[in-house]
Amino acid sequence: MSETHVRKNPCEMSACANSDKASARKSLSEQIARASSNKTSEHASQSEATDRKSLSERIAHANAARVDGAWSTPDEQLVEAERRTPFQVCDVYCAHAEELLAITGQISAALPSRAAYLARTNPRAAGHPDNRSVKAHTQVGNPACTFVWEIRNNKEGALAKSSDAQYAKALDATDALKDLWEDEPWLDELQIAKALIAQIVLLDDDLRTKVLERANLMAKECANTLAPYLRG
C-alpha cells in the first residue's frame, strides 16, 4: 500500500489516548460507518467438461431449491465450483482463476459471506431463497459493514473486547480493504481480484506507468479499428 495512503483513524486514536476508551471507539466506528454509507475455452477434455456440467447442474439445482427451515451451508464442492463460475466469462480470467483465487481466498476466508452475514444480522432477509443460494455463500461481505455491525451489536465479541492496539490494527485493515467494494455490500472473488489488482497497480508508480501505457495502446488500437464500423 502506498506510503501516501492516509490512515486517519490510528492517528485519531493516538490523539485520544487520554480520553475514555469507549468514546474513542465510538468515534472511530462512526467514521467507518460514514465511509461505508457514502460508498454503502475449450482447454478442458471431454471428461472435464462433463464434470463441469454436472457441477453446474447441481449448483443450479441447489440454487433453485426452496427448502423451509434454518439457514445451512451447502455442500463444499458446490461452493468451490461456484467460486470459479465468475471466472468463466473469458479465457484470460479462466486461465488464471486458481492463481487469483489463491489470493482472494485469504480475504474471503476472513470475512463473512453474504449468506452468513445476513443470517447473523437480518434473519428475515436471510430466509429469502436468493440469500440462501450457493452463490450467496460465495459472495464476500463488505468489511466496513461487518466492522460497524460488530462494534455496534456484538458487545461481547472479539472486536469489542480487543485492546486498543488490536482494535487500531483491525480498523486499519478494514480501511485498506473497504474501497475494493466501492458501493457494494458484497462481491464475488473475481470482482475482488480485479479491484485489488487495480489498486495495487495505481498505487505503485512504476507499475502504474507501465500498465497504463500498455492499456492505452490496446484501447487506442482497438478503438481506431472499430470506430469506422461501430460508432454509428
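Biologist: Which residues of helix 9 meet which residues in helix 10?

Modeller: This is a predicted model. On the helix 10 side, the contact takes in Tyr-167, Ala-170, Leu-171, Thr-174, Leu-177 and Lys-178. By class, the residues of the contact of helix 9 with helix 10 are eight nonpolar, one polar and one charged. The residues in helix 9 that meet those of helix 10 are Pro-143, Ala-144, Phe-147 and Ile-151.

Biologist: How many aromatic pairs does the count give, and of what kind is the pair of Phe-147 and Tyr-167?

Modeller: The count comes to one aromatic pair. Its ring centres, those of Phe-147 and Tyr-167, lie 5.6 Å apart. The pair links distant parts of the chain, with Phe-147 in helix 9 and Tyr-167 in helix 10, 20 residues apart. The planes of the two rings are at 65°, so the pair of Phe-147 and Tyr-167 is edge-to-face.

Biologist: Is Phe-147 buried or exposed, and is Tyr-167 buried or exposed?

Modeller: Buried means under 20% relative accessible area. Phe-147 has 5% relative accessibility and so counts as buried. Tyr-167, at 0% relative accessibility, also counts as buried.

Biologist: What does Ile-192 touch, not counting residues up to four places away in sequence?

Modeller: Ile-192 is one of the residues of the largest nonpolar core. Leaving out residues up to four places away in sequence, Ile-192 touches Thr-104, Ile-107, Val-140, Leu-180, Trp-181 and Leu-187.

Biologist: How do helix 11 and helix 12 pack, and which residues in helix 12 meet those in helix 11?

Modeller: The axes of helix 11 and helix 12 (residues 205-230) are 5 Å apart, at an angle of about 110°. That makes helix 11 roughly perpendicular to helix 12. The residues of this contact divide into six nonpolar, no polar and two charged. Ile-200, Val-201, Leu-202 and Leu-203 in helix 11 meet, in helix 12, Asp-205, Leu-207, Arg-208 and Val-211.

Biologist: Where does Glu-182 lie, and is Glu-182 buried or exposed?

Modeller: Glu-182 is not a glycine, yet has a positive phi of about 50°. Glu-182 lies in the loop between helix 10 and strand 2 (186-187). Exposed means over 50% relative accessible area. With 55% relative accessibility, Glu-182 counts as exposed.

Biologist: What separates the C-alpha atoms of Ala-110 and Val-140?

Modeller: Ala-110 is found in helix 6 (residues 97-110). Ala-110 is exposed, with a relative accessible area of 63%. Ala-110 and Val-140 are 30 residues apart along the chain, and the separation of their C-alpha atoms is 9.4 Å.

Biologist: What share of the residues of the protein chain counts as buried?

Modeller: The secondary structure of the chain comes to 12 helices and two strands. The chain has 232 residues, and the share that counts as buried is 32%.

Note on methods. Residues are numbered from 1 along each chain as its sequence is written. This is a predicted model: local features need pLDDT of at least 70, side-chain atom pairs count only at pLDDT 80 or more; totals for chains, interfaces and linings use all residues. Side-chain values use heavy atoms; hydrogens and water are left out. Contact means heavy atoms within 4.5 Å. Helices (H or I, at least four residues) and strands (E, at least two) are DSSP runs, numbered from the N terminus. Ala, Val, Leu, Ile, Met, Phe, Trp, Tyr, Cys and Pro count as nonpolar, Asp, Glu, Lys and Arg as charged, and the others, Gly among them, as polar. Rings of Phe, Tyr and Trp (its six-membered ring) pair if their centres lie within 6.5 Å; planes under 30 degrees apart count as stacked, over 60 as edge-to-face and the rest as tilted. Buried means under 20% relative accessible area, exposed over 50%, partly exposed in between (1.4 Å probe, protein chains only). A nonpolar core is a set of buried Ala, Val, Leu, Ile, Met, Phe, Trp, Tyr and Cys residues joined through side-chain atoms within 4.5 Å. Axes are lines fitted to C-alpha atoms, for helices over the stretch in contact, and angles run from 0 to 180 degrees between N-to-C directions. Angles under 35 degrees count as roughly parallel, over 145 as roughly antiparallel, 65 to 115 as roughly perpendicular and the rest as oblique.
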